[in-house]
Amino acid sequence: MRIHSKSKFRHALRKAVLILAIALLSSISNTAFAETMYSKKADVVLKESASGSAKDIGTLSKGESVEILKKDGKYYQAKTESGKTGWIFKFHLSDSAPEQSDGGGGLLAALGGRSDVSASESASSSSIRGLSPVSEKHAKDKGISDADIQAVKDMENLKITSTELKQFLAQRKLGPFSK
């Protein structure tokens, strides 16, 4: 009889140790896979579901950290610092906190980062440079009309708003609106 109760005790102890081990591994695995990411820009939109056309339920400030809960295509489900949960277009997030300077970045930054940018700001990283005084003189020497030179200058001064950018991306099914 006593041997039988020792066996039951050992069995119950093994079961308790196994349950404890599973619980411990489960908590370690949740911690190990929790990923923190940061908003690349101000006004990153938190969506109700993983779609560009989903309802906006909040915004993130530049550099705000979020905990990634789930990944679904181009969207990550995330929990904000304030505890709100929603979906964020993955290209608006970064593995590291961005610098707080306004720092330019060109047109690509406008598509995935800043809310507006002038074409002249992209001079260092793309071919949209506009005309330097030397280039303008060369253009005139080559017979380029003043109207064409002015058109280039107008493009340099072109600014897009975040609303215009969002409408463009939605109409063309680009960025957060792509499938």
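Modeller: Ground rules first: helices (H or I, at least four residues) and strands (E, at least two) are DSSP runs, numbered from the N terminus. This is a predicted model, where local features need pLDDT of at least 70 and side-chain atom pairs count only at pLDDT 80 or more, while totals for chains, interfaces and linings use all residues. Residues are numbered from 1 along each chain as its sequence is written, and side-chain values use heavy atoms, with hydrogens and water left out.

Colleague: K173 comes after α5; is K173 buried or exposed?

Modeller: K173 sits in the segment following α5 (162-171), and its phi is positive, near 55°, though it isn't a glycine. Buried means under 20% relative accessible area, exposed over 50%, partly exposed in between (1.4 Å probe, protein chains only). K173 has 51% relative accessibility, so it counts as exposed.

Colleague: Is α3 roughly parallel or antiparallel to α4?

Modeller: Axes are lines fitted to C-alpha atoms over the stretch in contact, with angles from 0 to 180 degrees between N-to-C directions. Helix α3 (133-141) and helix α4 (146-157) pack at about 155°, axes 10 Å apart. With under 35 degrees roughly parallel, over 145 roughly antiparallel, 65 to 115 roughly perpendicular and the rest oblique, α3 is therefore to α4 roughly antiparallel.
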